[in-house]
Amino acid sequence: MSDVASQAGVSSASVSYALSGAPGVSEERRRHILAVAAEMGFRPSRTARDLRSGTTRTIGLLLADITNPFYAEVAGGVVAAAHDEGYEVSVAHVGVDGTRQAEAAYAQVDRNCSGLIFTGLVAADKPLLDTLRQENIPVVQVYRRVEGEPSDWVGIDDYHAAFEMASHVVATGRRKVAILGGPEASSASTGRLRGYQDALRKAGLTAVNEPDVWGELSRASGALHARTLFAKYSDVDAVLCGNDVIALGVLDVCTEIGKRVPEDMALTGFDDMSFSSAGPLQLSTVTVPRDLMGRRAARRLLQRIAGDNSPPRNDLLPYAIQVRSTTVPVGGR
């Protein structure tokens, strides 16, 4: 900065004001300083600035599964909203089982992140959240949440979305229905499971594979459980999945064994990923606004960082049921 000041014929303080956009220099002098800085190829050091101010303009984002496109789209929303406010995002991958949750969170805190966004919290993470709250680290929960945790949450009504989807499947005439859900520790997966189950009960049905309904949110898990399911219950005529990726695994097995979708069996997903309506695959599913979810979470966190001390909020976002060709009614075309 002193080199820029010398070249521009101004004080270092004037350079600082001009580069930071702060008042203290005229607009004409600001333009002159910026032009000199650009000519010299000067790039301000964010680290140095943060050290001087004692604060950072960085937030931490902890992703449950960086390979899952769902979380990538949530991350895109977080990054976009943070960038709009001049913040950067430090991303950490905690793993599907969440065993690195605390380790990753404390690492983000050690990097002086001003707040944290979690996408894969489970009930066992309550002590971690208690510690972060004691250290005055703002936290926003996304998608999953820890019940009774006094921090902000952004997500959808998984229960009612699943209830509507299962009700639709029953209305198509399917009666031998199975459920292949996500991990039992996930609040989103349990909400979806309860919605599926209650819709089936309302129709006088029970999932044929109860209680073996839990699994991972992966294609491999969907395929693994589908093989077991079809070997044990060959007359299954519908499978309600915990997400779209599980449904892909089920579809793989259907192709292997010659089980036709939707002629022999209806199939549904959840999340409405881009591949769910690509080409010949037209999967009935639930649209989740992933980008909006990320943006809302980032904006809420930045409000907390700025000093908003209002009570914690649950930001319930809209969802939509997408009825496509995998749930054509029995005998329909």
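1. Let me begin inside the protein. The residues lining the largest cavity comprise five nonpolar, one polar and three charged. Please bear in mind that this is a predicted model. The lining itself is made up of Ala-64, Asp-65, Asn-68, Tyr-71, Val-96, Arg-144, Pro-183, Glu-216 and Leu-217. The volume of this largest cavity is about 60 Å³, and the count of cavities of 30 Å³ or more comes to three.

2. Next, the largest pocket, which holds about 420 Å³ of space. Its lining has 18 residues, and those closest to the centre are Arg-133, Ile-137, Pro-138, Val-139 and Arg-304. Which helices each supply at least two residues of that lining? They are H7 (126-134) and H12 (290-305). Sorted by class, the lining of the largest pocket contains seven nonpolar, six polar and five charged residues.

3. Now to helix packing, with H10 (residues 219-232) and H11 (residues 244-257). Their axes come within 7 Å and cross at roughly 45°. Because of that angle, H10 counts as oblique to H11. The crossing of this pair is right-handed. On the H10 side, the contact is made by Arg-219, Gly-222, Ala-223, Ala-226, Arg-227 and Phe-230. H11 brings Val-245, Ile-246, Leu-248, Gly-249, Val-250, Asp-252, Val-253, Cys-254, Glu-256 and Ile-257 to the contact. By class, the residues where H10 meets H11 are 10 nonpolar, two polar and four charged.

4. Helices H8 (residues 158-171) and H9 (residues 187-202) are another pair to look at. The axes of H8 and H9 come within 7 Å, with a crossing angle of roughly 35°. Is the crossing of H8 and H9 right-handed or left-handed? It is right-handed. From H8, the residues that take part are Asp-158, Tyr-159, Ala-162, Phe-163, Met-165, Ala-166, Ser-167 and Val-170. They meet Ala-188, Gly-191, Arg-192, Arg-194, Gly-195, Tyr-196, Asp-198, Ala-199, Leu-200 and Lys-202 of H9. The contact of H8 with H9 divides into 10 nonpolar, three polar and five charged residues.

5. Ser-14, Val-15, Tyr-17, Ala-18 and Leu-19 of H2 make the contact with Arg-30, Ile-33, Leu-34 and Ala-37 of H3. Here the residues are seven nonpolar, one polar and one charged.

6. Two peptide bonds deserve a check in your viewer. The bond from Glu-210 to Pro-211 is cis, with omega near 0°. Pro-211 sits in the loop between H9 and H10. The bond from Val-261 to Pro-262 is also cis, and its omega is near 10°. Where is Pro-262 found? It is in the loop between H11 and strand E8 (266-268).

7. Last, a backbone angle to look at. Tyr-143 has a phi near 75°, a positive value in a residue other than glycine. Tyr-143 is placed in the loop between strand E4 (139-142) and strand E5 (152-155).

Notes:
Residues numbered from 1 in each chain as written. Predicted model: local features only at pLDDT ≥ 70, side-chain atom pairs only at ≥ 80, totals over all residues. Heavy atoms only, no water. Axes fitted to C-alpha atoms, helices over the stretch in contact; angles between N-to-C directions. Helix = DSSP H or I, 4+ residues; strand = E, 2+ residues; numbered from the N terminus. Parallel < 35°, antiparallel > 145°, perpendicular 65-115°, else oblique. Left-handed = near helix turned anticlockwise from the far one by under 90°. Contact = heavy atoms within 4.5 Å. Nonpolar A, V, L, I, M, F, W, Y, C, P; charged D, E, K, R; others polar. 1 Å grid on protein atoms, 1.4 Å probe; cavity = no way out; pocket = protein on both sides within 12 Å on 5 of 7 lines; lining within 4 Å. Points joined across faces, edges and corners; volume = space filled by probe spheres on them.
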